[in-house]
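Please read these notes with the model open beside you. They go point by point.

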Amino acid sequence: IPDFICGDLDSIRPEVGAYYEKKGTKIVQNPDQYSSDLTKSLKCINNDPKSPLHVVIIGGIGGRFDQGFSQLHHLYTASKDSSLPNSQIFLVNPQSICFLLMKGMNRITAPLGPGLFAENVGIIPIARPSVITTKGLEWDVTDWYTEFGGQMSTSNHIKSHTIDIDTSERVLFTMELDRSRPE
């Protein structure tokens, strides 16, 4: 049961809102039409004194393409907005997880195996070109220039339990989830 349901609430059915209120969920309506429900939810989290260290958005980048791009846009803008939680935000769908890597050195622990991660990863520049250096991937690169419309690191493979990525700009990191069941 969620702690909060936040947004403009233009699509919540009254019986659904009532159900969750009875379960103790706080319903927070924000009619602002210049921000997305995702941004409204992140601001709601930021106002909670129990603000989490990590935000996991289930269903992230799923559904319509325009909404998927909007999710990526908000993931990026949230990392620059001081009114939002200073938390790592993860977008998760049944196939993959993605999150931003900040400028500088980033270390990712990525155990491969059933129910964990599969080998496929991507490093995608989303706002501006970046120069990346990687260690722990099948096709490691050093001082490699990456940009939309140019070279991008997609469909690379994890070859180490720990991946180091040094980046000159924020980039999107994607990892495939292993959907097989542990034995």
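**Notes on the fold**

1. Start with helix H3 (residues 65–78). Helix H3 lies across E3, E4, E5 and E12. Its direction is about 170 degrees to that of E4. Helices (H or I, at least four residues) and strands (E, at least two) are DSSP runs, numbered from the N terminus. Axes are lines fitted to C-alpha atoms, for helices over the stretch in contact, and angles run from 0 to 180 degrees between N-to-C directions. Contact means heavy atoms within 4.5 Å.

2. A word on the source. This is a predicted model, where local features need pLDDT of at least 70, side-chain atom pairs count only at pLDDT 80 or more, and totals for chains, interfaces and linings use all residues. Residues are numbered from 1 along each chain as its sequence is written, and side-chain values use heavy atoms, with hydrogens and water left out.

3. Now the sheet with six strands. The sheet is open, its order is E3-E4-E5-E12-E7-E10, and its pairing is mixed. Strand E3 (54–58) and strand E10 (153–157) stand at the edges. Each has a single partner strand, so one side of each is left without a neighbour in the sheet. From one strand to the next, the twist averages 20 degrees. Two strands pair if DSSP finds at least two bridges between them.

4. Look at one pairing in that sheet. E3 and E4 are parallel and share five bridges. Val55 stands opposite Ile89 in E4.

5. There is also an open sheet of four strands. Its order is E6-E11-E8-E9, with antiparallel pairing. The edge strands are strand E6 (104–109) and strand E9 (144–146), and each pairs on one side only. Here the twist averages 30 degrees from one strand to the next. Strand E8 (residues 130–135) runs antiparallel to E9, with three bridges between them. Ile132 stands opposite Trp144 in E9.

6. Which residues touch the most other members of the largest nonpolar core? They are Phe99, Ile108, Ile163, Phe173 and Met175, and the core has 19 residues. Two or more residues come from each of strand E4 (88–92), strand E5 (96–101), strand E7 (117–125), strand E11 (162–167) and strand E12 (171–177). Another core lies apart from it, with 13 residues, among them Val55, Tyr76, Ala78 and Leu172. A nonpolar core is a set of buried Ala, Val, Leu, Ile, Met, Phe, Trp, Tyr and Cys residues joined through side-chain atoms within 4.5 Å.

7. Leaving out residues up to four places away in sequence, Phe173 touches residues including Ile97, Cys98, Phe99, Leu101 and Ile108. Of these, Cys98 is buried, at 1% relative accessibility. Buried means under 20% relative accessible area, exposed over 50%, partly exposed in between (1.4 Å probe, protein chains only). Phe173 also forms one aromatic cluster with Phe90 and Phe99. The whole structure has three aromatic pairs. Rings of Phe, Tyr and Trp (its six-membered ring) pair if their centres lie within 6.5 Å; planes under 30 degrees apart count as stacked, over 60 as edge-to-face and the rest as tilted.

8. Last, the disulfide (a pair of cysteine sulfur atoms within 2.5 Å). The structure holds one. It joins Cys6 to Cys44, S to S 2.4 Å. Cys6 is in strand E1 (residues 4–7) and Cys44 is in helix H2 (residues 37–46), 38 residues apart. The torsion about the S-S bond is about -45 degrees, so the disulfide is left-handed. Cys6 is buried at 14% relative accessible area, and Cys44 is buried at 10%.
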